[in-house]
Amino acid sequence: MKGKFIAFEGCEGAGKSTQMRLLSDWLTARGIPHILTREPGGGAISEAIRKIILDGKNSAMTDECEALLYAAARAQHLADTVLPALERGVSVLCDRYVCSSFAYQGYGRGLPLSFLREINARALERCMPDVTLFLDITPESAFERKHGADPDDRMEQAGAAFHARVYEGYRALLAAHPDGMAAIDCTGTKFETSARIVAFLTKRGIFA
Ligand code: TYD
């Protein structure tokens with residue numbers, strides 16, 4: 001049987017990696033084989049692309065170049081990490097996926113969603129997550145939690161208005177894809193959020 005593919009989405013500092021670790025502990029306790037991975041990155045080539053995209057020195061990067069690099073990293077990550085795991089029956093917990101491109105490059109940068117669909121078509125056709133979990137916390141609260149934006153991270157430095165558009169983008173994507181995406185309230189403790197995620201995934205029948 002194929003593994004399950006769960007994507008975690010949200011603004012910077014929403015707590016995706018913490019929630020992925022807590023879900024991983026829950027899966028391990030039940031003997032469910034899985035891997036944790038991330039975009040952009042997850043493999044040697046995609047991690048190299050990640051460094052170029054996020055490097056604060058690359059301020060001259062065009063929005064189109066940025067979108068294409070995210071799509072390129074994704075194509076490689078799918079081929080070398082995600083698809084082989086799913087085929088082996090291993091579930092995949094992925095920190096960000098195509099939704100990030102629509103939210104950040106589409107709503108945030110203002111690129112047409114049609115262009116993003118086109119450059120991500122292979123990923124959209126071949127491998128959509130069983131569900132995309134949106135950790136729902138506003139960028140203001142999230143940046144407050146992580147004590148401000150990282151000065152060396154080009155995306156985190158994009159400004160409050162940009163991150164507000166990204167958040168609105170996620171809300172629009174949720175409204176348009178109520179079956180594929182779910183908003184998880186993460187205003188409580190990390191354990192309360194984790195319990196909500198587990199309750200959602202078991203109710204959906206994704207994990208027993
Ligand atoms: P991530 O490592 O998740 O950063 P953080 O842990 O700080 O949330 O993601 C790196 C950055 O890349 C983040 O700012 C979101 C951005 N991103 C896009 O703009 N488009 C994409 O398609 C992806 C996958 C990420």
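Biologist: Which residues of α4 are buried?

Modeller: In this predicted model, helix α4 is mostly covered, with 10 of its 11 residues buried. A residue counts as buried when its relative accessible area is under 20%. The buried residues of α4 are Val98, Cys99, Ser100, Ser101, Phe102, Ala103, Tyr104, Gln105, Gly106 and Gly108.

Biologist: Which element gives the largest share of the shell around the ligand?

Modeller: The space taken by the ligand is the largest pocket. The elements that give two or more residues to the shell around the ligand there are α2 (44–54), α3 (63–87) and α4 (98–108). Among the residues that come nearest to the ligand are Ser101 and Gln105, and both of these are also listed among the buried residues of α4. The largest share of the shell, 4 residues, comes from α4.

Biologist: How many residues of the shell around the ligand are charged?

Modeller: The ligand has 16 residues around it, and Arg50, Tyr70, Arg96, Ser101 and Gln105 come nearest. When the residues of this shell are divided by type, 5 are nonpolar and 3 are polar, while the number of charged residues is 8.

Biologist: Does Arg74 count as buried or exposed, and which side chain does the side chain of Arg74 join in a polar contact of 2.6 Å?

Modeller: Arg74 is found in helix α3, an element that gives two or more residues to the shell around the ligand. Because its relative accessibility is 3%, Arg74 counts as buried. The polar contact of 2.6 Å joins the side chain of Arg74 to that of Glu39.

Biologist: Why does Glu140 count as exposed?

Modeller: Glu140 is found in helix α7, which covers residues 139–145. The C-alpha atoms of Glu140 and Asn58, 82 residues apart along the chain, are separated by 25 Å. A residue counts as exposed when its relative accessible area is over 50%. Glu140 is therefore exposed, with a relative accessible area of 52%.

Methods:
Residues are numbered from 1 along each chain as its sequence is written. This is a predicted model: local features need pLDDT of at least 70, side-chain atom pairs count only at pLDDT 80 or more; totals for chains, interfaces and linings use all residues. Side-chain values use heavy atoms; hydrogens and water are left out. A residue is near a molecule or strand if one of its heavy atoms lies within 4 Å of it. On a 1 Å grid over the protein atoms alone, a cavity is a set of points where a 1.4 Å probe fits but cannot get out, and a pocket is an open set with protein on both sides within 12 Å along at least five of seven lines; lining residues have an atom within 4 Å of a point. A molecule sits in a cavity or pocket if more than half of its atoms lie within 2 Å of its grid points. Ala, Val, Leu, Ile, Met, Phe, Trp, Tyr, Cys and Pro count as nonpolar, Asp, Glu, Lys and Arg as charged, and the others, Gly among them, as polar. Buried means under 20% relative accessible area, exposed over 50%, partly exposed in between (1.4 Å probe, protein chains only). A polar contact is a pair of N or O atoms within 3.5 Å; within protein, one must be able to donate a hydrogen and the other to accept it, and residues adjacent in sequence count only if both atoms are side-chain atoms.
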